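Colleague: Walk me through the helix packing, please. I want each label set against its cut-off.

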Amino acid sequence: MAVLALLWGSGFLWIKIALTGGLTPLQITVIRCVLGAAVLLVLAGSAGQRLPRDRRTWGHLGVAALFCNTLPFFLFSVGEQTVDSGVAGVLNATTPLWSLLIGLALGTDRGLRPLRLTGLLLGFAGTLLIFAPWQQSGLTSWGALALLAAAASYAIAFAYMARHLTGPGSARFALSAAQLLAATGLTTLALPVAPAPVDPTAVAVLAVVVLGVFGTGVTFYLNYLLIADEGPTSAATVGYLLPVVSVTLGAIVLGESLDARVIAGMAVVLVGVGLTRGRPHRPDPTTTADTATATATAARRTHGGAHSSTE
């Protein structure tokens, strides 16, 4: 989860650099899908995994690709054309809340308890504290609505993938690669109606390559793994760590200041994520087995004593 947050959280930076360097939102979407699919195809081949061949699985992959890749990738690029990173981070962090609502509606959420609900709300509150959107403009712009729609799209995808694509024994490298191939096909269909390409700068090309290889290929596999192991709502809580990563990178790379409000917000985010990832206490199997054996022995003794008295 930490590696996923680090790679995914830097995505806002790479998208912004690619946009300012001359690439369009659709071009960024296509390139990151192509590069991400290439990385996952290599990983699948090295693991001896083959792409699915049945139409049913490809149908599920097409739906997942639409909501988890094509739509959010494009909407994030569109949104960051007019919305600054602070507002973008707040709206992206609504994914766990969307995931919670969808999980409750579909019954895919695992063991929602008051502690987890408190963690979800704390995570969002900490994100608000970090970016202080009340001090910024743009929350009602079309770009902000695009970012909000992207966050909801991720949540829909997480729930769908948890139900149809992350079962036991699934070939995760192959499924991840196949999904990004499907996303590449979907986005490529829109290229003929896209604006004419411009001459991108070398920095923009480098940014989109990093975004495609690490921010898409590697993170997509980690996301698949997290959904399968933790469930869609817990997987979505990684969105709360992204603002922490982006703020830290801004301070280290760009020299942005960190005040007490931002540091407090990061602490609240980490506490919230920790609460959402808490698991109910499960008794030790060895202790349980010993207790069951002792209970059975006592029952036999009690039964034997009663039988002797009757005789």
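Modeller: R172, F173, L175, S176, Q179 and L180 in α9 meet T216, F220, Y221, Y224, L225, A228 and D229 in α10. Contact means heavy atoms within 4.5 Å. These residues divide into eight nonpolar, three polar and two charged. Nonpolar covers Ala, Val, Leu, Ile, Met, Phe, Trp, Tyr, Cys and Pro; charged covers Asp, Glu, Lys and Arg; the others, Gly among them, are polar.

Colleague: What should I know about the source and the numbering?

Modeller: The model is predicted, local features need pLDDT of at least 70, side-chain atom pairs count only at pLDDT 80 or more, and totals for chains, interfaces and linings use all residues. Residues are numbered from 1 along each chain as its sequence is written, and side-chain values use heavy atoms, with hydrogens and water left out.

Colleague: Why is α9 called oblique to α10?

Modeller: The axes of α9 (residues 172-188) and α10 (residues 202-230) cross at roughly 125 degrees and come within 10 Å. Under 35 degrees counts as roughly parallel, over 145 as roughly antiparallel, 65 to 115 as roughly perpendicular, and the rest as oblique. So α9 is oblique to α10.

Colleague: What makes α2 roughly antiparallel to α10?

Modeller: The axes of α2 (residues 11-20) and α10 cross at roughly 150 degrees. Therefore α2 is roughly antiparallel to α10. The two axes come within 8 Å, and the crossing is left-handed.

Colleague: Which residues meet there, α2 against α10?

Modeller: G11, W14, I15, I17 and A18 in α2 meet V203, A204, A207, V210 and L211 in α10. The residues of this contact divide into nine nonpolar, one polar and no charged.

Colleague: How do you know that the span of α12 is close to the expected one?

Modeller: Helix α12 (residues 241-253) has 13 residues and reaches 18 Å from its first C-alpha to its last. The expected span is 1.5 Å times one less than the number of residues. For α12 the expected value is 18 Å. G255 follows α12, with a positive phi near 70 degrees.

Colleague: Why is V78 called partly exposed?

Modeller: Buried means under 20% relative accessible area, exposed over 50%, partly exposed in between (1.4 Å probe, protein chains only). V78 has 24%, so V78 is partly exposed. V78 lies in α4 (residues 55-79). Leaving aside neighbours within four places in sequence, V78 is in contact with P25 and A146.

Definitions and conventions. Axes are lines fitted to C-alpha atoms, for helices over the stretch in contact, and angles run from 0 to 180 degrees between N-to-C directions. Helices (H or I, at least four residues) and strands (E, at least two) are DSSP runs, numbered from the N terminus. A crossing is left-handed if the near helix is turned anticlockwise from the far one by less than a right angle, and right-handed if clockwise.
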